[in-house]
Amino acid sequence: MRIGLLGTGPWAQMAHAPALAGHAEWDFAGVWGRRPDAAKELADQYGVPAYDDVDALLADVDAVAVALPPSVQAELAVRAARAGRHLLLDKPLAPTVEQGQAVVDAVREAGVASVVFFTTRFLPETEAWITEQAAAEGWFTARAEWLGSVFTSDSPFAASPWRQEKGALWDVGPHALSVLLPVLGDVRRVAAAVRGPGDTAVLVLDHVDGASSTLTLSLTAPPAAAGVAVELRGAAGVTSLPDSSGSAVSALVRAADALGEAVRTDRPHPCDAAFGQRVTEILAGAEAMAADATG
């Protein structure tokens, strides 16, 4: 099957292009970007065509991988789904509930497969840990700290307009939710959401199975304080999210594997567009609550 890449930024260069080029099942068929010169430069690195017209790329492939800002991704995902193309999407699915629902509706109506790339869910060690904890019962509470230094270091993502606008809640919040939801169950309500230093957001979530969780999210942490930690406490004791030896590229290869499996079996993946939309709904609710608290 043939897959095209939409996007030419740092994430497309660092993760998507090498993952697609090295994939055993998918044939990396071309690149489209909002800047034709950047699309040509990236495409030339991998010996694939650069497309000036996104519809021309869609006509030549079976699926697309998207590495674009959320608002652009949502619009093009709808367009690609309506063209009958399967979707390997990035998080967050969309910046608003309405845009996210449009993607879900287009996927359902077209009958295409979708996978949203939540990096942690596609790393072998953490995927196995999540599966093990989801099978256990009696979780009482959890804490998740996703602390990055994107805006306090020389990160290639520091200049990203959508990250500057939406902050950690929308950038790393999806990663934390992608770990907590399959273990603790869906969120019944956002009990609290407040802003901290910089773009830091602190959330308290009430889950349908009775557990609570606290999330601390930031892209402005001091570099020495950056890192990820997830801890669960319950009847079985205490357990923490393990470190993983995998890279973003290897995780994205596994996400592409998952998309291929969903296409072959016609069974939705747990991280499909509908799950991405549920994450969007929770983030939007938290954002509104935090805004009210600040106002």
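A residue is called buried when its relative accessible area is under 20%, exposed when that area is over 50%, and partly exposed in between. The model described here is predicted.

**Salt bridges**

- Side chains of opposite charge can pair when their charged atoms come close.
- A search of the whole structure finds 17 salt bridges.
- One of them joins the side chains of Arg-79 and Asp-55, with a nitrogen-to-oxygen distance of 2.7 Å.
- Because Arg-79 belongs to helix α4 and Asp-55 to helix α3 (residues 54-60), this pair ties together parts that are 24 residues apart in sequence.
- Arg-79 has a relative accessible area of 34%, so it counts as partly exposed.
- Asp-55, with a relative accessible area of 36%, is also partly exposed.
- Lys-91 and Asp-171 form another salt bridge, in which the closest N and O atoms are 2.5 Å apart.
- Lys-91 sits in the loop between β5 (86-90) and α5, while Asp-171 sits in helix α7, so the pair ties together parts that are 80 residues apart in sequence.
- Lys-91 is buried at 9% relative accessibility, and Asp-171 is buried with a relative accessible area of 6%.
- Asp-171 also meets the side chain of Arg-163 in a salt bridge, at 3.0 Å from N to O, and both of these residues are buried.
- A network of salt bridges links Arg-143, Glu-145, Glu-231 and Arg-233.

**The largest pocket**

- The largest pocket holds about 1,300 Å³ of space.
- Its lining is made up of 48 residues, and those nearest its centre are Trp-11, Lys-91, Phe-157, Arg-163 and Asp-171.
- At least two lining residues come from each of α1 (10-21), β7 (139-147), α7 (161-171) and β11 (227-234).
- By type, the lining of the largest pocket consists of 27 nonpolar, 14 polar and seven charged residues.

**The second largest pocket**

- The second largest pocket contains about 260 Å³ of space.
- It is lined by 17 residues, with Val-107, Val-112, Ala-113, Ser-114 and Pro-268 the closest to its centre.
- Helices α5 (97-110), α9 (248-265) and α10 (273-294) each give two or more residues to this lining.
- Helix α5 provides the largest share of the lining of the second largest pocket, namely three residues.
- The lining of the second largest pocket divides into nine nonpolar, four polar and four charged residues.

**Strands β11 and β12**

- Strand β11 runs antiparallel to strand β12 (residues 237-240), and four bridges join the two.
- Gly-234 has Gly-237, in β12, as its bridge partner.

**Gln-73 in helix α4**

- Gln-73 is part of helix α4 (residues 70-82).
- Its relative accessibility is 1%, and Gln-73 therefore counts as buried.
- Apart from neighbours within four places in sequence, Gln-73 is in contact with Val-66, Leu-68, Leu-89, Asp-90, Pro-92 and Leu-93.

Terms used:
Residues are numbered from 1 along each chain as its sequence is written. This is a predicted model: local features need pLDDT of at least 70, side-chain atom pairs count only at pLDDT 80 or more; totals for chains, interfaces and linings use all residues. Side-chain values use heavy atoms; hydrogens and water are left out. On a 1 Å grid over the protein atoms alone, a cavity is a set of points where a 1.4 Å probe fits but cannot get out, and a pocket is an open set with protein on both sides within 12 Å along at least five of seven lines; lining residues have an atom within 4 Å of a point. Grid points are joined across faces, edges and corners, and a volume is the space filled by probe spheres set on the points. Ala, Val, Leu, Ile, Met, Phe, Trp, Tyr, Cys and Pro count as nonpolar, Asp, Glu, Lys and Arg as charged, and the others, Gly among them, as polar. Two strands pair if DSSP finds at least two bridges between them. Buried means under 20% relative accessible area, exposed over 50%, partly exposed in between (1.4 Å probe, protein chains only). Contact means heavy atoms within 4.5 Å. A salt bridge is a side-chain nitrogen of Lys or Arg within 4 Å of a carboxyl oxygen of Asp or Glu.
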